[in-house]
Amino acid sequence: MAGTPRKKVQKIKFELTRSAIAGVGVVCFCIFLWMFLLGVWTGESLLRPSHSGKNEVSKIVTPKKTN
């Protein structure tokens, strides 16, 4: 099998103009911003105490001032 010729592998080549690169950058920025905001929103909702009856934080009652 040493005498068999190998197939020539074609390489994929992308050619982008500067405006296309800028467009891809803007799209990536928007996706990353959306993921960041989604993560912040999810993190805030996970760190809040639940509103169910057994895990509810007791209310702090301040005493009334008497004259």
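Is Glu15 buried or exposed, and at what relative accessibility?

Modeller: Glu15 counts as exposed, at 66% relative accessibility; the classes are buried under 20% relative accessible area, exposed over 50% and partly exposed in between, with a 1.4 Å probe and protein chains only. This is a predicted model, in which local features need pLDDT of at least 70, side-chain atom pairs count only at pLDDT 80 or more, and totals for chains, interfaces and linings use all residues. Residues are numbered from 1 along each chain as its sequence is written, and side-chain values use heavy atoms, with hydrogens and water left out.

The partner of Glu15 is Lys13: the two form a salt bridge whose closest N and O atoms are 3.9 Å apart. The term requires a side-chain nitrogen of Lys or Arg within 4 Å of a carboxyl oxygen of Asp or Glu. Lys13 is exposed too, with a relative accessible area of 68%. A search of the whole structure finds one salt bridge.

As for the rest of the protein, buried residues make up 0% of its 67 residues. The protein exposes about 7800 Å², and carbon and sulfur atoms supply 66% of that area; accessible areas come from the Shrake-Rupley method with a 1.4 Å probe, and for residues only the protein chains shown count as cover.

There are one helix and zero strands, both being DSSP runs numbered from the N terminus (helices H or I, at least four residues; strands E, at least two). Helix α1 spans residues 18-47 and contains Trp41, a residue exposed at a relative accessible area of 58%. Trp41 also belongs to a nonpolar surface patch with Val27, Ile31, Phe32, Trp34, Met35 and Leu38, together about 820 Å² of accessible area. Patches are made of residues with over 30% relative accessible area and no salt bridge, like charges being joined within 9 Å and nonpolar side chains (Val, Leu, Ile, Met, Phe, Trp, Tyr) within 5 Å.
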